Amino acid sequence: MTQRRFIVEPRGLASIRLSIAVPVLSVLAALVVGGIFLALTGENAIEVYGEMIDAAFGSSRAISETLITTAPLILTGLAAAVAFKMLVWNIGGEGQLLFGAIFASGVAIWLGDGTSSAIAIPVVIMASAVGGAFWASIAAIPKVYLGTNEIITTLMLNFIALNIMNYLIFGSNSPWRDPESPQFPQGRPIPESASIPEFWNRLDYGIFIAIAIALLAYFLIYKTRWGFELRIVGDSADTARYAGIGVSKKILGVFLLSGAFAGLAGGLFVAGPVGGLDPRSLDLGLGFTGIIVAALARLNPIAVIPVAFLMAALINAGPALQSIGVPSSTVTMLQGAILIFAVAGEFFIANRIRRPERTDAAPDKTEAAA
Amino acid sequence: MNETWPIELLAAAMVLGTPLIFATVGEILAERSGILNLGVQGTMLVGAVSAFWATFNTGSLLFGLLMGIVAGALISIIHAFLSVTLRVSQIVAGLALTLFGTGLASFLGRAGDDPLVGNPSAAVFEPILEGGLADLPVVGPLIFGHDIIVYLAWLVAGLASYYMFRTKAGLSLRAVGEDPASAEAAGVNVSRIRYAHVMIGGALSGVGGAYYVLSVRLVPTWQDAPIGAAGWIAIALVILASWRPWRAVFAAYLFGAAARLGLTLQTLGEPWNNVPSTLLATIPFVLAIVAMIVFASGERARHLGAPAALGIPYFREQR
């Protein structure tokens, strides 16, 4: 047996310190990598990052805009977190978000102006959850009852949802399309009664709904019997079966819940800042960013909240970059780098690396001497 | 209405299917070693921008293709390191690579004072034969009328098939994907094989990406997302091709046809041109989902030939 230079051993329970340090270091490492590429293309990385921080936090307007993006990101982050915790690989947050938006705007338009806000807003938000869960069910039902790989089906459903939204706005005279603007296709504005009120610049109360749902998700997973059984299934489906837990039903439940969370992200966007089914404002990749949020938050629903705020800041910095001549895709590149370092960090949270002890090396020496 | 539309559809399907063949065969090699790489989409884009940049600056198609290969192989090391050395979730690692690659390709295409974006390619792959055999009915456009990369795709599929099923190295590859512990016991270096095949897969994805921006039949201009969703489709094609390179050729052509069908229907006149293009664009994705559910659900995926150790990190110390 050859002498190993390093020994890798499992740490057992992850320490809280590492659980915080690793994501923070991941972001810093990604900024360094991004800085190298920026420097290679002749940009001053410090200046670019300064501009990004300014764009995301530099004024009360900037902070409120960052919080507007935070709300749906909390929900797509939760969607990924609850699913991944159960080893349900729902990569379809994107499509589920869009279907949440389609359902929410559809119901809001159907309700019209006559309904009071006290009814319209909850109904519209519920509709978005149903829309997301419905879109997830197309992948969830075959997975649970036939064993179909959900990674591919959820991915493909993203593209189908995007095209359906485009069909509703660009390809047809659907009720979702604004009849006032035939030349420039856009979503029909939802009635005022279905819009969540704003309280600070453009920021609406949707952010509190998102935070409340994150707290609720934490409670559900860590403080209820249902959540306890869920975590057993996530650790080992066989153990769960042995304990008499209905595994299929649990997986179906989590998959639909995950879809509902992503759908709610679309609903909050429609009932909040976007105000209709507008493809240009909804197709932002928030579903995929949710996966980064979940990974950095280490699948913890509470941690999703601050991480979503950070990622929202990164997204909102994109347009500001363009104005100083730096490609806005810098943001996507940084997001990818953050996720790369975050998954790499999982290894260091789970394992301890140390040098082999001297006693291991001693016999080699004596052999060599002999 | 044009009477030759079925032939035109098939010929176009072969062109659209060609980059899918490279990416799918590449992913088959990686998955046969037990590594699921969801980074194909990002790898193809990095290959595409590298190839376009190299051809743009030198005018050489060969150099462009080589840069696509090298860039695809190099960027794939990220996935190999994460999933083989660090043994983290291959799914999240692959998604990370796709995000990073997508961002990087778009960034490189737009960065600098004189960005690539919007520029046509400095050279393009064109059909080898003009007239003669290429003018024959049916077989002309289908067999003789293509550029060299279409034929190279056949060669790659054939070589991959031969390698996997007829050579000793191919046997080791399949052993690593089925049962890494036994393969290791038999003296095979599991990590080395996995690294190598993830990188070969990346190189082939790089070729696929390069073809999109260097073929006169596709869109030889640099834009942000020149490959559509090809990388994602390729991952579905691996399963539909049941992890066999030759079947990947036919699966890729089928999806090429599905992607082209919308455009063909537009030329057929009433009532076909009334179907909205946004809905026609969903055909390949709907086809992939239906095919997955019907042919590859549950145990059927195993019978198709899914490697038993696919996606499972291998811990040598535990054996």
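**Helix packing and chain contacts in a predicted model**

In helix 3 of chain A, residues A:Glu65, A:Thr66, A:Thr69, A:Thr70, A:Leu73, A:Ile74, A:Gly77, A:Leu78 and A:Ala81 meet A:Pro301, A:Val304, A:Ile305, A:Val307, A:Ala308, A:Phe309, A:Met311, A:Ala312, A:Ala313, A:Ile315 and A:Asn316 of helix 13 of chain A. Two residues are in contact here if their C-beta atoms, placed from the backbone, lie within 7 Å; helices (H or I, at least four residues) and strands (E, at least two) are DSSP runs, numbered from the N terminus. The residues of this contact comprise 14 nonpolar, five polar and one charged, where Ala, Val, Leu, Ile, Met, Phe, Trp, Tyr, Cys and Pro count as nonpolar, Asp, Glu, Lys and Arg as charged, and the others, Gly among them, as polar.

The model is predicted: local features need pLDDT of at least 70 and side-chain atom pairs pLDDT 80 or more, while totals for chains, interfaces and linings use all residues. Residues are numbered from 1 along each chain as its sequence is written, and chains are lettered from A and ligands numbered from 1 in the order in which they are written.

Turning to the whole chain, chain A comes to 15 helices and four strands. Its C-alpha atoms fill a box of roughly 95 × 60 × 35 Å along the principal axes.

Chain A also meets a partner: 40 of its residues are in contact with 41 residues of chain B. Helix 5 (117–146), helix 6 (150–171), helix 12 (286–296) and helix 14 (330–350) of chain A each give two or more residues to this side. The side of chain A that touches chain B divides into 24 nonpolar, 15 polar and one charged residue.
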